[in-house]
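Please find below some comments on the structure under review. They begin with a single residue and then turn to wider features of the chain.

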Amino acid sequence: MKKLVWCLIVAPFFCAAQSYTMKPLTEGTKTSIRGLSVVSDQVIWVSGSNGSVGKSTDGGSTWKWTKPKDYEKLDFRDIEAFDNQNAIIVNAGSPAYILKTTDGGESWTTHYKNADTAIFLDGAGFWDKNRGIVFGDPIHNRLQLLKTVDAGKSWQDITANLTSSLVKGEASFAASGTTIKTLPGGKTWIATGGTVSNIYFSPDYGQHWQVFKCPIIQGENSTGPFSIDFLNDKNGVAVGGNYVKDKENTNNILLTSDGGKTWQKPTTPVFGYRSGVTYINAKTLIATGTSGTDISTDAGQNWKHISDKSFNAVQKAKKGKIVILAGEKGSVYQLEVAD
C-alpha cells in the first residue's frame, strides 16, 4: 500500500508491463546541474553553475555540496569521477579550467587553464582511470582537443591530430557534457551541431580521426545533437533537437549500428528536445530534456513519454544499476522501475 501511495504522489507513469517513478533525492540548491557522474549505486557526483559540486556516497540519501575555492562563479558543465575521492571538473566559458580533487572534493587543484577569449570546453570522457580526453568548441575552425595519460594531472593539446576544419557555425553543445563518448580501447565519438552536424570518431585514443555526417536536425545555432551514447563500438544513439523549441520533435533522434558511419530514424521518436541519453541495457534506453523524459524498451526504435519534469542530464551507474537524472535548482532524481 505504501508503494502504491508513493507512486500516486510522486508522479506515476504506467505502461502495459511496468511503471516508472521519479524519486527525488535532493533539490533546492542554487545551481543548474549539467555535469553528472554516477560511479556506482552508492557514489554519485554532480556539478553545475555557481561553482557547485555535489556528492553522495549513500545512493543519494544524503549530499555534501562544495564550491572550489576561487572558482565559485564558474559553470562546471561536466564532471568525471572515478570513486568517492577522485574526480575532475570542466567549466564552460573563458578562462577554461580543468580541476581535480583527490580528497573527495574537500580541495581542488588546477591542472589546465586557457585564457583565450574563444575557448569553450564542452565535455570530457575517460577510456580508463588514467587516459582521458576533453574537447571544446573550435578556435580558428579547429575543434579543441586535450588528452591526459596521468588521470588528469597534466593535459596535452592534441588539436593538431584532427586535421578536418569545421565549417562556420559548426560547434558542439555543453548541455550535459555528453556530446562526447569514450569506450575502453581508445574509441571516441564527438558530436557537433549548429549549421551542420557531424560525428568525429577516433579508434585510437585521439591519434587519428574520421568524420561522418549526422543527418539530425541542423542549420541553426540552436539545433543539432545534444547528447550521444554508445552501447558498444557499433550500436549508438544521438538525441537533440532545437533547445529554444523544446517540445518539438522533428528529426531529433537517430540510431546507428555501424559505429556512427550511418544513422537512421527510429519508428517512434522521443517527444521533444533532449539533452541527455543513456543505455540502461541493450534494449532499454532513457532520454531526457527540459520538456520531459522518454524511455525505450526495444533498443531505441519506439519511445514512450514517462514524465514532463525538466532535466538536463541522465546517466546509469558505471558499476551498478541506479539511473540518475539531474537538472535545474539542484534537482537530482532516481528513476525507479516496478513491474
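1. Thr262 counts as partly exposed, because its relative accessibility of 38% falls between the limits of under 20% for buried and over 50% for exposed residues. The coordinates come from a predicted model, and the comments here should be read accordingly.

2. As to its position, Thr262 lies in the loop that runs between β23 (253-256) and β24 (276-279). Leaving aside residues up to four places away in sequence, Thr262 touches Leu255 and Thr256. A polar contact of 2.5 Å links the side chain of Thr262 to the side chain of Asp258. Lys319 is 57 residues from Thr262 along the chain, and 30 Å separates the C-alpha atoms of these two residues.

3. Which strands make up the open sheet of four strands? Its order is β11-β12-β13-β14, and the pairing is antiparallel. The edge strands, each pairing on one side only, are β11 (121-126) and β14 (156-157).

4. Within this sheet, how many bridges join strand β12 and strand β13? Strand β12 (residues 132-139) is paired with strand β13 (residues 142-148) in the antiparallel sense over six bridges. As a point of reference for inspecting the model, Val134 stands opposite Leu146 in β13.

5. The largest nonpolar core has 14 residues. Those that touch the most other members are Trp45, Val53, Phe76, Ile89, Leu99 and Trp108. At least two residues of this core are supplied by each of β7 (75-81), β8 (87-92) and β9 (96-101). The largest share, three residues, comes from β7.

6. Turning to the chain as a whole, its secondary structure consists of one helix and 30 strands. Of its 339 residues, 57% count as buried. Among contacts between residues at least 6 apart in sequence, 47% join residues at least 24 apart.

7. Why may the overall dimensions be described as those of a compact globule? A compact globule of 339 residues would have a radius of gyration near 20 Å, and the chain agrees with this because its own value is 19 Å. Taken along the principal axes, the C-alpha atoms fill a box of roughly 60 × 45 × 35 Å.

8. Finally, the surface: the chain exposes about 14,000 Å². Carbon and sulfur atoms supply 51% of that area.

Conventions: Residues are numbered from 1 along each chain as its sequence is written. This is a predicted model: local features need pLDDT of at least 70, side-chain atom pairs count only at pLDDT 80 or more; totals for chains, interfaces and linings use all residues. Side-chain values use heavy atoms; hydrogens and water are left out. A nonpolar core is a set of buried Ala, Val, Leu, Ile, Met, Phe, Trp, Tyr and Cys residues joined through side-chain atoms within 4.5 Å. Buried means under 20% relative accessible area, exposed over 50%, partly exposed in between (1.4 Å probe, protein chains only). Contact means heavy atoms within 4.5 Å. A polar contact is a pair of N or O atoms within 3.5 Å; within protein, one must be able to donate a hydrogen and the other to accept it, and residues adjacent in sequence count only if both atoms are side-chain atoms. The radius of gyration is taken over C-alpha atoms; the globule rule is 2.2 Å times the number of residues to the power 0.38. Accessible areas come from the Shrake-Rupley method with a 1.4 Å probe; for residues, only the protein chains shown count as cover. Two strands pair if DSSP finds at least two bridges between them.
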